[in-house]
2 protein chains.
Amino acid sequence: MDSSFAIVAEPNRRAILSLLATSEHSVGELETQLQMPQPSVSKHLRVLREAGFVESRVEAQRRVYRIRPEPLKEVDAWLAPFRRFWNDHLDALERHLDRMGQTPTEGKNR
Amino acid sequence: MDSSFAIVAEPNRRAILSLLATSEHSVGELETQLQMPQPSVSKHLRVLREAGFVESRVEAQRRVYRIRPEPLKEVDAWLAPFRRFWNDHLDALERHLDRMGQTPTEGKNR
DNA sequence: CGGGCATATAACCGTCAAGGAATATAACGA
DNA sequence: TCGTTATATTCCTTGACGGTTATATGCCCG
């Protein structure tokens with residue numbers, strides 16, 4: 001049971017997930033959209049399914065796959081501590097710097 | 001030059017990044033904190049450096065590493081289309097499920 | 001200059017996972 | 001039932017990656 005990151009590391013799996021992000025798709029649809037051999041698609045879907053990234057619904061002879069959010073949510077959660085490196089609203093950063101005693105000479109005009 | 005996801009897939013590299021998320025650290029500090037052989041740390045740092053996840057500053061005989069946000073930012077960006085699966089206000093989620101087709105399983109609250 | 005500390009690189013090895021080809025399973029229609 | 005479509009599984013090979021050990025590089029200080 002490797003980490004969710006290892007699952008998402010595979011480019012084809014990311015492609016599959018991206019397609020499923022928009023709407024659910026059958027194996028055949030994924031196959032043609034990605035121009036990738038069917039056994040490959042099935043194998044990646046198996047990995048994704050067993051890792052909880054997708055689930056499938058049976059519809060006649062087709063299996064229709066859709067996203068399951070939980071594992072990607074974990075990935076998202078792991079990123080949280082890093083978001084401040086880019087997201088940070090400027091004012092929060094400024095408050096921090098202010099608290100640190102830095103008087104940013106000038107260059108901050110408002 | 002593989003994708004940023006492959007870099008982050010490695011658990012030890014994630015550990016390194018997590019440590020650096022708080023503050024910068026020298027190689028030796030990482031080595032002891034993670035209880036991992038020094039060559040391993042250096043190799044992972046090399047991978048992280050070449051992929052742009054970290055950069056190093058020379059301080060006497062030490063190299064002090066710190067985070068560079070860009071690649072993680074890319075990862076974060078890739079997640080964007082999926083966020084609506086969990087972040088979204090409940091009613092948006094319901095709209096989504098409606099669009100995805102009716103799966104009248106129970107448990108419609110969370 | 002020489003020795004010691006801090007970090008990087010090299011070489012080797014084992015593992016593991018992805019790709020491809022062939023085949024198996026399952027469900028539909030006639 | 002048979003044939004066809006849709007998907008899953010198996011087997012095999014191959015390449016990449018991480019761990020380990022040993023060695024190299026670089027910098028400081030006596």
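Predicted model: local features only at pLDDT ≥ 70, side-chain atom pairs only at ≥ 80, totals over all residues.
Residues are numbered from 1 along each chain as its sequence is written, chains are lettered from A and ligands numbered from 1 in the order in which they are written, and side-chain values use heavy atoms, with hydrogens and water left out.

Chain B is superposed on chain A by a rotation of 180° with 0.0 Å of shift along its axis, at an RMSD of 0.1 Å. This is the relation of a two-fold axis. The superposition is by least squares on the C-alpha atoms of residues with pLDDT of at least 70 in both copies. Within chain B, the residue that comes closest to the rotation axis is Ala9(B), with its C-alpha at 3.1 Å.

In chain A, 3 strands make an open sheet with antiparallel pairing, in the order S1-S3-S2. Its edge strands are S1 (25–26) and S2, each of which pairs on one side only. Strands (E, at least two residues) and helices (H or I, at least four) are DSSP runs numbered from the N terminus, and two strands pair if DSSP finds at least two bridges between them. S1(A) is joined to S3(A) by 2 bridges in the antiparallel sense, and His25(A) has Tyr65(A) as its bridge partner in S3(A). S2(A), residues 54–59, pairs with S3(A) over 6 bridges, again antiparallel; Glu55(A) stands opposite Arg66(A) there. The hairpin of S2(A) and S3(A) has 2 residues between the strands, and Ala60(A) takes a positive phi near 60° in it.

Chain B also has an open sheet of 3 strands, in the order S1-S3-S2 with antiparallel pairing. The edge strands in chain B are S1 (25–26) and S2 (54–59), each pairing on one side only. Between S1(B) and S3(B), residues 62–67, there are 2 antiparallel bridges, and Ser26(B) is opposite Val64(B). Helix H2(B) lies across S1, S2 and S3 of chain B and runs at about 85° to S3(B). Such angles run from 0 to 180 degrees between N-to-C directions, with axes fitted as lines to C-alpha atoms, for helices over the stretch in contact.

Both chains take part in the surroundings of DNA strand D.

A polar side-chain atom of Tyr65(A) is 2.5 Å from a phosphate oxygen of DNA strand D. For His44(B) the corresponding distance to a phosphate oxygen is 2.8 Å, and for an N or O atom in the side chain of Ser40(B) it is 3.4 Å. The elements giving two or more residues to the surface near strand D are H3 (27–34), H4 (38–50) and S3 (62–67) of chain A, with H2 (11–22) and H4 (38–50) of chain B. H4(A) gives the most, 5 residues.

Definitions and conventions. Polar contact = N/O pair within 3.5 Å; in protein donor to acceptor, adjacent residues only side chain to side chain. Contact = heavy atoms within 4.5 Å.
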